[in-house]
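The sequence and the structure come first.

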Amino acid sequence: MNRFVSLVARQLPALAGIVLSAASSFAQQSALQPGQVDVQRSKAYAFVAARGLGHEHGVEGRVASGTIRLGVAQQAGELTFDLKSFVCDTADSRGYVGVKGTTDESTQQQTTANMISAAVLDVAKFPTATYLIRSSLPLAKQQPNDPDRFELSGDFTLHGVTRPLSIRVIAEPAPGLIRLRGHFSVKQRDFGMTPFSKAFGAIGVADEVKIWGDVSIAAQ
């Protein structure tokens with residue numbers, strides 16, 4: 001009996017932590033308005049291909065705020081991305097975009113510094129990117145059991161440049177939420193950025209960047 005009591009006493013702090021974490025997450029979800037982005041569960045990921053003798057990179061960053069109304073033909077919402085939160089080559093980002101291997105912390109910090117510098121994202125001048133979503137129309141299912149899909153159409157603003165952008169997303173239900181996943185590609189030069197390079201261009205990254213959105217919104 002004493003051993004049982006001792007075991008329970010040792011586990012109580014961990015159990016209390018789990019319960020408090022679950023309660024906090026539930027409270028956050030409950031506070032969201034229908035369609036509002038759960039920023040704790042939403043991220044953007046990017047794959048940056050190598051050029052020359054450069055290396056492939058994975059990038060991740062947070063969604064600062066947003067709302068998406070699904071199935072509407074106008075005023076479907078807006079997403080704001082916190083570019084200052086974007087970091088390179090975390091284990092999560094490399095795994096999400098399919099880059100094998102790992103990098104040390106020093107290399108991660110240097111690569112991130114190159115990415116957010118004035119020559120590329122210039123986060124000091126442009127701390128956010130925004131996607132103003134005009135419509136979010138449903139797409140036909142190919143099979144009855146297929147998940148719901150939508151086409152988001154709107155304008156993407158990055159580095160002070162705005163261009164039209166359409167994304168096809170998969171919508172999957174989760175407790176109290178809808179998880180939306182989709183991807184698109186952009187060219188850095190189209191948004192006024194210069195892809196990083198050094199050694200007279202022998203080492204660098206590609207102009208085109210593939211971006212994934214993994215966004216959870218409150219159920220509507």
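A salt bridge is counted when a side-chain nitrogen of Lys or Arg lies within 4 Å of a carboxyl oxygen of Asp or Glu. The model is predicted, with local features requiring pLDDT of at least 70 and side-chain atom pairs pLDDT 80 or more, while totals for chains, interfaces and linings use all residues. Residue numbers start from 1 along each chain as its sequence is written, and side-chain values use heavy atoms, with hydrogens and water left out.

## Salt bridges

Side chains of opposite charge can pair when their charged atoms come close. Searching the whole structure gives 9 salt bridges. Among them are the pairs tabulated here.

| Salt bridge | N to O distance |
|---|---|
| Glu60 and Lys43 | 2.5 Å |
| Arg168 and Glu151 | 3.1 Å |
| Arg179 and Asp214 | 2.7 Å |

Helices (H or I, at least four residues) and strands (E, at least two) are DSSP runs, numbered from the N terminus. Relative accessible area is computed with a 1.4 Å probe on protein chains only: under 20% is buried, over 50% is exposed, and anything in between is partly exposed.

The side chains of Glu60 and Lys43 form a salt bridge. Because Glu60 belongs to strand E2 (residues 57–68) and Lys43 to strand E1 (residues 43–52), this pair ties together parts that are 17 residues apart in sequence. Glu60 is buried, at a relative accessible area of 9%. Lys43 and Glu60 also belong to a network of salt bridges that includes Asp92.

A salt bridge also joins Arg168 and Glu151. This pair links distant parts of the chain, 17 residues apart, with Arg168 in strand E6 (residues 161–174) and Glu151 in strand E5 (residues 148–158). Arg168 is exposed, with a relative accessible area of 53%, whereas Glu151 is partly exposed at 27%.

The side chains of Arg179 and Asp214 meet in a further salt bridge. Here the linked parts are 35 residues apart: Arg179 is in strand E7 (residues 177–187) and Asp214 in strand E9 (residues 203–218). Arg179 is partly exposed at 32% relative accessibility, and Asp214 is buried at 7%.

## Ser42

Ser42 sits in the loop between helix H1 (2–31) and E1. Its relative accessibility is 0%, so Ser42 counts as buried.

A polar contact is a pair of N or O atoms within 3.5 Å; within protein, one must be able to donate a hydrogen and the other to accept it, and residues adjacent in sequence count only if both atoms are side-chain atoms. The Ser42 side chain reaches the backbone oxygen of Asp38 at 2.8 Å and the backbone nitrogen of Ser216 at 3.0 Å.

With neighbours within four places in sequence left aside, Ser42 is in contact (heavy atoms within 4.5 Å) with several residues, including Arg62, Val63, Asp214 and Ser216.

## Helix H3

The buried residues of H3 are Thr111, Thr112, Asn114 and Met115. These residues lie on the same side of H3 because they cover an arc of only 160° around the axis, taken from the directions from the helix axis to the C-beta atoms. They pack against E2 and strand E3 (77–88). On the other side of H3, the exposed residues are Glu105, Ser106 and Gln109.

At the start of H3, a side-chain oxygen of Asp104 comes to within 3.1 Å of the backbone nitrogen of Ser106.
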